Amino acid sequence: MGAGLLSALLGLMLAQVQMTPQSLDLQKMVGFWWEAGVASRENLALKTPRRLEALFLTLSGETLTVAVAYNNSGSCQTEEIVSSEMNVWGKFVFPGRREIHVVDTDYEQYAILRVSLQWQNHEFYVFKYFTRSLGGECEPGFLKFRELTTDMGLYLVGRHGRCAMLLKELRETGL
């Protein structure tokens, strides 16, 4: 399994954190989310050529579907991943021993996620900061993200490129 595949897997999944909201309103999480920041202790997670730009979440009954837009060295790629398990506390399990856990959200402006996966008998995780719009780094959600991840040391501020716009346009037109 190469670094690109590890990055792709890291780009989407997370595990449980103590700051999780008591009860998550999944319906309020649906829609488009820009990736605005990433924090990790794993250098590999931040240096991959396959960069996540955006997510589009849909909910159908008990199934969460995550459509993802990546920029892979200048080429746009999309992927759809369906959860195999979820709960109202914000934990979503996906194929390949990948998990996403919603750490904090106000539903309207930001979401902080912890993505985790197992790779070569080692658990990797990253924290990701998502926004509904392209705001600045002084937003309360971003300040919470920085506070939560101060000991991680490695940061990357997301790029909002054409791959994210492509996903947004496709999902909003129903394609």
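Ser73 sits in the loop that joins S3 to strand S4 (75-82). Helices (H or I, at least four residues) and strands (E, at least two) are DSSP runs, numbered from the N terminus. The model is predicted: local features need pLDDT of at least 70, side-chain atom pairs count only at pLDDT 80 or more, and totals for chains, interfaces and linings use all residues. Residues are numbered from 1 along each chain as its sequence is written, and side-chain values use heavy atoms, with hydrogens and water left out.

**Backbone and loop residues**

Although Ser73 is not a glycine, its phi is positive, at about 50°. Ser73 counts as exposed, at 61% relative accessibility. Here buried means under 20% relative accessible area, exposed over 50%, and partly exposed in between (1.4 Å probe, protein chains only). A positive phi is also found at Tyr107, a residue other than glycine, with a value near 70°. Tyr107 belongs to the loop between S7 and S8 and counts as buried, at 16% relative accessibility.

**Charges over rings**

The ring of Tyr107 has the charged end of Lys28 over it, 5.4 Å from the ring centre. A charge sits over a ring if NZ of Lys or CZ of Arg is within 6 Å of the ring centre and within 35 degrees of the ring normal. Lys28 is part of helix H2 and is partly exposed at 47% relative accessibility. The charged end of Lys168 sits over the ring of Phe32, 5.2 Å from its centre.

**Aromatic pairs**

A pair of aromatic rings is described by the distance of the centres and the angle of the planes. Rings of Phe, Tyr and Trp (its six-membered ring) pair if their centres lie within 6.5 Å; planes under 30 degrees apart count as stacked, over 60 as edge-to-face and the rest as tilted. The count by this rule is six aromatic pairs. Two of them are given in the table.

| Pair | Centre to centre | Angle between planes | Class |
|---|---|---|---|
| Phe32 and Trp34 | 5.1 Å | 90° | edge-to-face |
| Tyr129 and Phe142 | 5.3 Å | 70° | edge-to-face |

Because Tyr129 lies in strand S9 (residues 122-131) and Phe142 in helix H4 (residues 140-148), their pair ties together parts that are 13 residues apart in sequence. Both Tyr129 and Phe142 are buried. Phe32 and Trp34 are buried too. A cluster linked by ring pairs holds Tyr110, Tyr129, Phe142 and Phe145.

Strand S9 also contains Val126, which is buried with a relative accessible area of 2%. From Val126 to Thr149 the C-alpha distance is 9.7 Å, and the two are 23 residues apart in sequence.

**Helix faces**

The buried residues of H4 include Gly141, Phe142 and Phe145. They cover an arc of only 95° around the axis, so they are on the same side of H4. The arc is that of the directions from the helix axis to the C-beta atoms. Pro140 and Glu147, on the other side of H4, are exposed.

In helix H5 (residues 162-172), Cys163, Ala164 and Leu167 are buried. These buried residues fall within an arc of 100° when seen down the axis of H5, so they line one face of the helix. Arg162 and Glu172 are exposed on the other side of H5. An α-helix has 3.6 residues a turn, so residues three or four places apart point the same way.

**Cavities**

There are three cavities of 30 Å³ or more in the structure. A cavity is a set of points, on a 1 Å grid over the protein atoms alone, where a 1.4 Å probe fits but cannot get out; lining residues have an atom within 4 Å of a point. Grid points are joined across faces, edges and corners, and a volume is the space filled by probe spheres set on the points.

The volume of the largest cavity is about 120 Å³. Its lining consists of 14 residues, and Met29, Leu57, Phe92, Val102 and Leu113 lie nearest its centre. At least two lining residues each come from helix H2 (26-29), strand S2 (50-60), strand S3 (63-72), strand S7 (98-105) and strand S8 (110-119). By class, the lining of the largest cavity has 14 nonpolar, no polar and no charged residues. Ala, Val, Leu, Ile, Met, Phe, Trp, Tyr, Cys and Pro count as nonpolar, Asp, Glu, Lys and Arg as charged, and the others, Gly among them, as polar.

Methods: On a 1 Å grid over the protein atoms alone, a cavity is a set of points where a 1.4 Å probe fits but cannot get out, and a pocket is an open set with protein on both sides within 12 Å along at least five of seven lines; lining residues have an atom within 4 Å of a point.
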